[in-house]
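Trainee: I'd like to understand the words we use for a model like this one. Could we go through them together?

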Amino acid sequence: MLRRPAGAGVRRLVLLSARVRAELGEEHLATERAVQASGLEWTVLRPTWFAQNFTELDFIASPLAGPGELRLPTGEGREAFVDLADLADVAAAALTEDGHAGRVYVLSGPRSLSFGDAVAEIARASGRPLRFVPVTEDEYRADLAATGHPDAVADELIVLLRHIREERGATVTDGVREALGRPARDFAEYVARTGFGTLREPVS
């Protein structure tokens, strides 16, 4: 697969991976290892969960845009949500600038938030009484089944959300500053920029 870019004169590869992959074990890093062995200039990006998941990831965004209640088995576990705008800036820099070859950038936001914290910030911005409700994994599996999600999807989501409940993604990193020379954008900036107009209840 990686012979084609080299044959076409490509010098740099930037791989979008994820911090959770490294934390789940070496068996999840096969693509990273292939890129690192390609013989090209490579940079690996390992972001945390995206702030934009609250507007773009269906199993999070839909409950907030609809009934206004987000039920997840994450408890009080925190995640250092990264802004996709930062991820895009780092990727562009790694592709177009010198100095990024051979680097693994672990990208996070500047603070860790629980889903309850994040939903509360969105509620204030939207003016809606949004709620985060922590549930057990069994309760969440039943919620997914009731909305037609297959068992395989439930298994994958529960593993990812357990990672948050255990706070394995809560550590704030300096990857954005290392790559760009500036601090990462805060979750509050994403909320303000997004506006969350679609979450506002219609005027009667």
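Mentor: Gladly. Let's begin with a definition: helices (at least four residues) and strands (at least two) are DSSP runs, numbered from the N terminus. Keep in mind that this model is predicted. By that definition the protein has 11 helices and 7 strands.

Trainee: What makes the place of Q52 a loop?

Mentor: Q52 sits between two such runs, β2 (41-47) and α4 (53-56).

Trainee: Why is Q52 called buried?

Mentor: Buried means under 20% relative accessible area. Q52 has 8%, so Q52 is buried. Across the protein, 42% of the 204 residues count as buried.

Trainee: Which residues does Q52 contact beyond its neighbours within four places in sequence?

Mentor: They are L57, V82, D83, L84, A85, Y190 and R193.

Trainee: Let's turn to A170. Why does A170 count as buried?

Mentor: Its relative accessible area is 10%, and the limit is under 20%, so A170 is buried. A170 lies in the loop between α9 (151-165) and α10 (175-180). Leaving out residues up to four places away in sequence, A170 touches R19, R78, E79, A80 and S112.

Trainee: How far is the C-alpha atom of A170 from that of G77?

Mentor: The two C-alpha atoms are separated by 7.8 Å, although A170 and G77 are 93 residues apart along the chain. For the protein's contacts with a separation of 6 or more, residues 24 or more positions apart account for 81%.

Trainee: What makes a group of residues a nonpolar core?

Mentor: Its members are buried residues of types such as Ala, Leu and Phe, joined through side-chain atoms within 4.5 Å. The largest such core here has 30 residues, and F54, F81, F115, Y140 and F187 have the most contacts inside it. Among the elements that each supply at least two residues of this core are α7 (115-126), α8 (137-146) and α11 (187-194). Another core, of 10 residues, lies apart from it, with V82, Y105, L107 and V176 among its members.

Terms used
Residues are numbered from 1 along each chain as its sequence is written. This is a predicted model: local features need pLDDT of at least 70, side-chain atom pairs count only at pLDDT 80 or more; totals for chains, interfaces and linings use all residues. Side-chain values use heavy atoms; hydrogens and water are left out. Buried means under 20% relative accessible area, exposed over 50%, partly exposed in between (1.4 Å probe, protein chains only). Contact means heavy atoms within 4.5 Å.
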